Amino acid sequence: MATINLNPKKSPTLLENQSGNQWVKLNVGGTCFLTTKTTLSRDPSSFLFRLIQEDSDLISDKDETGAYLIDRDPRYFAPVLNYLRHGKLVLDGLSEEGVLEEAEFYNVTPLIGILRESISRRDSRPALDKKKVYRVLQCQENELTQLVSTMSDGWRFEQLVNIGTQYNYGSEENAEFLCVVSKECISPLVGREQESNDRAKVLQQKGSRM
């Protein structure tokens, strides 16, 4: 009597073949991306969905590993692929315009809308009001060169005011100076910072009359 298996199990070979058929390799600009047909099928109108169809109307060469060759920038393709994976836009410091260019090439329509809206919001923001911050540094004559040459982080030399005080160190005399420097900032100034600005402006006016 023949035995009938009412709960047949698929052979390991068949499972491996079916699993293997789900994975897709993409060689984008020399960088290999491994993903699934499910991910690439999230947007049926996209270039990527059409590419993986068995009766695809797109002609694409493959490299020696069987990966589809796509001549695009891999840096900007990564956010497009990740969007198809989890539905979120993650730029990681990349230009929105650069990612939009790739989204339009691959015709991922939901992502195109998100990026265009984000760029529009960014461009419509009012420009930040820049204010100039002043600082007054006191130094001796023999320290001036080092002081000016070591200024960094956006600070600029504005004016040098001789305050006329001299100190004797051995056989040398060193005049005292006030060095006025400035830097552009976007945050409003309050309290001591504003007082420092006012003092620096007064010193500049006095120095211009010397």
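Trainee: Which residue is the bridge partner of Leu26 in E2?

Mentor: In E2, Leu26 has Phe33 as its bridge partner. This is a predicted model, in which local features need pLDDT of at least 70 and side-chain atom pairs count only at pLDDT 80 or more, while totals for chains, interfaces and linings use all residues. Residues are numbered from 1 along each chain as its sequence is written, and side-chain values use heavy atoms, with hydrogens and water left out.

Trainee: How do I read the strands, and what is the order of the sheet?

Mentor: Strands of a sheet pair through backbone hydrogen bonds, either parallel or antiparallel. Strands (E, at least two residues) and helices (H or I, at least four) are DSSP runs numbered from the N terminus, and two strands pair if DSSP finds at least two bridges between them. Here three strands form an open sheet in the order E2-E1-E3, with mixed pairing. Strand E2 (31–36) and strand E3 (68–70) are the edge strands, each pairing on one side only. On average, neighbouring strands of this sheet are turned by 30° against each other, direction ignored.

Trainee: How many bridges join E1 to E2, and how many join E1 to E3?

Mentor: Strand E1 (residues 23–28) is joined to E2 by six bridges, and the two run antiparallel. Lys25 stands opposite Leu34 in E2, and Val28 has Thr31 as its bridge partner there. E1 and E2 form a hairpin with two residues between them, and Gly29 in the turn has a positive phi of about 60°. On the E3 side, three bridges join E1 to E3, and these strands run parallel. Leu26 has Tyr68 as its bridge partner in E3.

Trainee: At what angle does H4 run to E2?

Mentor: Axes are lines fitted to C-alpha atoms, for helices over the stretch in contact, and angles run from 0 to 180 degrees between N-to-C directions. H4 lies across E1 and E2 and runs at about 10° to E2.

Trainee: At what angle do the axes of H4 and H5 cross?

Mentor: Two packed helices are described by the angle between their axes and the distance between the axes. Helix H4 (residues 74–86) and helix H5 (residues 96–106) have axes that come within 9 Å and cross at roughly 65°. Angles under 35 degrees count as roughly parallel, over 145 as roughly antiparallel, 65 to 115 as roughly perpendicular and the rest as oblique. H4 and H5 are therefore roughly perpendicular to each other. Contact means heavy atoms within 4.5 Å; Tyr76, Phe77, Pro79 and Val80 in H4 meet Gly98, Val99, Glu102, Ala103 and Tyr106 in H5.

Trainee: How many aromatic pairs are there?

Mentor: Rings of Phe, Tyr and Trp (its six-membered ring) pair if their centres lie within 6.5 Å; planes under 30 degrees apart count as stacked, over 60 as edge-to-face and the rest as tilted. The count by this rule is five aromatic pairs. The rings of Phe77 and Tyr106 have centres 5.1 Å apart and planes at 55°, so this pair is tilted. Phe77 lies in helix H4 and Tyr106 in helix H5, so the pair ties together parts that are 29 residues apart in sequence.

Trainee: At what angle do H5 and H6 pack?

Mentor: H5 and helix H6 (residues 109–124) pack at about 155°, with their axes 9 Å apart. They are therefore roughly antiparallel to each other. In this contact, residues of H5 including Leu100 and Ala103 meet residues of H6, among them Leu115 and Ile119.
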